[in-house]
Amino acid sequence: MKTNIKSMLPGEIGEALKNMGQPAYRGEQIFKWLHSGVTTFDEMTNLPKALREKLGEEYFITAPKILRKQVSKIDGTIKYLWELYDGNCVESVLMRYEHGNTICISSQVGCRMGCAFCASTIGGLVRCLEPSELIDQVLFAGLDSESKISNIVLMGIGEPLDNFDNVMRFLELVNHPLGLNIGMRHISLSTCGLTEKVDKLGDYNIQLTLSVSLHGPDDETRSKIMPVNRSTGVDKLLETCRNYFNKTKRRISFEYAMIDGVNDTPYHARLLAEKLKGTGSHVNLIPLNNVDESPLKPSKPETIRRFIEILEKNNINVTVRRKLGSDIDASCGQLRRKAMRE
Ligand code: SAH
């Protein structure tokens, strides 16, 4: 079994190479090569040939293949379907904003959270992505599109906090000055609300932005569409969020997918406002994206307007997510599903 070298930090590579009689600076040299996108050891031209050969015997370099690429004619959004080294597929979406390019990356192949409205969870969890496979989505999308990526959102396929250690390692790698060097304040992580893991993340006290997928202000509504709520409950989740804020001083943003007749009535809006009162939290409404396999439908524009009105009247800061790439299936797990069906 070869070792995945792109999941290692420079110090670790250097340490491992000591046994091969190499100086410590080799770790930094190799790390730089890996994070510039080389796919073979032979391309690392400042290493002795014998060392390159030896590395190839003990280590491998992950480099996903672009299986499909769709470019939106409307807004330039690019959706990538990647084939990983074991044949599994995940998606990333590169979005172009005035303030720079943002990439939305996947954290797992599939997902085991079972949310009723989400395409990524159909078929369950296949496996967690390795740290290098998270890096690769940012690295190779940037190289392929010839654009500088300045922001990352962990909002693609999978539940990032269900792959906690690999995601934490990814953050260290992507943050590294010799690598992609993307700062924590330019990274957002979205979770369905695994409370123990949110607590654990809070202990790291890092400056990323945490988004919590709420989608319902009470247990009856939320448990119907998000099985994870059946064991935790909304109140415990919101308490965990308050503790997270107290520890990190970083405000949490709540995502709320508007689903016709399920969570979009004035009752839901009033209860949501009441539960978030005084937290300074921000609510991001997402008009539901249709998923072929699901009977759930997006709320009507009129219903969304009324929902916003009630939140604003109660001093809750609310925005509606802009829809990018609607002509290219650019939302959660849809391209992977399509490819699997075909
Ligand atoms: N597992 C994480 C991150 C992945 S999903 C989480 O649950 O937050 C990213 C966001 O898209 C989540 O808020 C998720 O609830 C939402 N989402 C999933 N399917 C959707 C759909 N069909 N329409 C609108 N939003 C959806």
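Into which domains is the protein chain divided? The answer is domain 1, covering residues 3-60, and domain 2, covering residues 65-341. Please keep in mind as you look around that this is a predicted model.

- The C-alpha centres of domain 1 and domain 2 are 34 Å apart.
- The two parts do meet: 16 residues of domain 1 are in contact with 16 residues of domain 2.

**Around the ligand**
- The ligand has 17 residues around it, and those that come nearest are Phe117, Ser190, Ser213, His215 and Asn289.
- By residue type, this shell divides into eight nonpolar, seven polar and two charged residues.
- Look for Ser213, where an N or O atom of the side chain is 2.5 Å from an oxygen atom of the ligand.
- The side chain of Ser190 also has an N or O atom facing the count, at 2.6 Å from an oxygen atom of the ligand.
- Thr191 takes part through its backbone, with a polar atom there 3.4 Å from an oxygen atom of the ligand.
- On its own, the ligand has 530 Å² of accessible area, and the protein covers 93% of this.

**Helix α2 and Gln29**
- Helix α2 spans residues 26-34, and Gln29 is found in it.
- Buried residues of α2 are Arg26, Gly27, Gln29, Ile30, Phe31 and Leu34.
- Their cover includes α1 (10-18), α3 (49-58), α4 (131-145) and α5 (164-175).
- Leaving aside residues up to four places away in sequence, Gln29 touches Asn46 and Leu47.
- Gln29 and Ser147 are 118 residues apart along the chain, and 24 Å separates their C-alpha atoms.

**Strand β9 and Asn151**
- Asn151 has its place in strand β9, which runs over residues 149-154.
- Is Asn151 buried or exposed? Asn151 counts as buried because its relative accessible area is 14%, below the 20% cut-off.
- A polar contact of 3.1 Å links the side chain of Asn151 to the side chain of His186.
- His186 is also one of the residues that Asn151 touches, together with His99, Asn101, Thr102 and Ile103, when residues up to four places away in sequence are not counted.

**Helix α10**
- In α10, which covers residues 266-276, the buried residues are His268, Ala269, Leu271, Leu272, Ala273 and Leu276.
- These buried residues pack against the helices α7 (219-225), α9 (234-248) and α11 (301-313), and also against the strands β12 (253-258) and β13 (282-287).

**Two loop residues with positive phi**
- Glu146 is not a glycine, yet it has a positive phi of about 50°.
- You will find Glu146 in the loop between α4 and β9, and it is exposed, with a relative accessible area of 74%.
- Lys249, likewise not a glycine, has a positive phi of about 60°.
- The loop between α9 and β12 holds Lys249, which counts as exposed because its relative accessibility is 58%, over the 50% cut-off.

Notes:
Residues numbered from 1 in each chain as written. Predicted model: local features only at pLDDT ≥ 70, side-chain atom pairs only at ≥ 80, totals over all residues. Heavy atoms only, no water. Near = heavy atom within 4 Å. Polar contact = N/O pair within 3.5 Å; in protein donor to acceptor, adjacent residues only side chain to side chain. Areas by Shrake-Rupley, 256 points an atom, 1.4 Å probe, with all protein chains shown as cover. Nonpolar A, V, L, I, M, F, W, Y, C, P; charged D, E, K, R; others polar. Buried < 20%, exposed > 50% of the residue type's maximum accessible area, 1.4 Å probe, protein only. Helix = DSSP H or I, 4+ residues; strand = E, 2+ residues; numbered from the N terminus. Contact = heavy atoms within 4.5 Å. Domains from an automatic or database assignment.
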